[in-house]
Amino acid sequence: TFLPADPSPLYYGLVLGLVFFNETAWYGFVATAFASGPVRKRYDRVKATLDRITGAVLGGLGVKLLTS
């Protein structure tokens, strides 16, 4: 929806390169952060709670999908 109606192949290449750069930078940052001791310890403390919350949200979305 954000691309022009008839973009050039160069435009497609630039968009693809930008998306690749953004994804690589973000996941590199997350991996580096989680490799550090303090962040890892904090995540280990809240992991079970986050897993339960995520499971409940996904389960609720699944029920909504089944009933719609």
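The structure is a predicted model, in which local features need pLDDT of at least 70, side-chain atom pairs count only at pLDDT 80 or more, and totals for chains, interfaces and linings use all residues. Residues are numbered from 1 along each chain as its sequence is written, and side-chain values use heavy atoms, with hydrogens and water left out.

The protein chain contains two helices and zero strands. Helices (H or I, at least four residues) and strands (E, at least two) are DSSP runs numbered from the N terminus. Helix 1 covers residues 9–35, and helix 2 covers residues 37–67. The radius of gyration of the protein chain, taken over C-alpha atoms, is 19 Å, whereas a compact globule of 68 residues would have a value near 11 Å. The globule value follows a rule of 2.2 Å times the number of residues to the power 0.38. Along the principal axes, the C-alpha trace spans about 50 × 45 × 10 Å.

Of the 68 residues, 1% count as buried. The accessible surface of the protein chain amounts to about 6,200 Å², and 72% of this area belongs to carbon and sulfur atoms. Accessible areas were computed by the Shrake-Rupley method with a 1.4 Å probe; for residues, only the protein chains shown count as cover.

A nonpolar surface patch of about 420 Å² is formed by L3, Y11, Y12, V15 and V19. Patches consist of residues with over 30% relative accessible area and no salt bridge, with like charges joined within 9 Å and nonpolar side chains (Val, Leu, Ile, Met, Phe, Trp, Tyr) within 5 Å. V15 and L3 are 12 residues apart in sequence, and their C-alpha atoms are 9.1 Å apart in space.

The protein chain carries 7 positive and 4 negative side chains, and the centres of the two sets lie 17 Å apart. In this count Lys and Arg are positive and Asp and Glu negative, while His and the chain ends are not counted; each charge is placed at NZ of Lys, CZ of Arg, CG of Asp or CD of Glu. Side chains of opposite charge can pair when their charged atoms come close.

Two salt bridges are present in the structure, a salt bridge being a side-chain nitrogen of Lys or Arg within 4 Å of a carboxyl oxygen of Asp or Glu. One joins R40 and D44, with an N to O distance of 3.6 Å. These residues are four apart in helix 2, so about one helical turn separates R40 from D44. R40 is partly exposed at 39% relative accessibility, and D44 is partly exposed at 45%. K47 and D51 form a salt bridge in which the closest N and O atoms are 2.8 Å apart. K47 and D51 likewise lie in helix 2, four residues or about one turn apart. K47 is partly exposed at 34% relative accessibility, as is D51 at 42%.

Helix 2 also includes T54, which is partly exposed with a relative accessible area of 42%. T54 and Y43 are separated by 11 residues in sequence and by 14 Å in space, C-alpha to C-alpha.

Conventions. Buried < 20%, exposed > 50% of the residue type's maximum accessible area, 1.4 Å probe, protein only.
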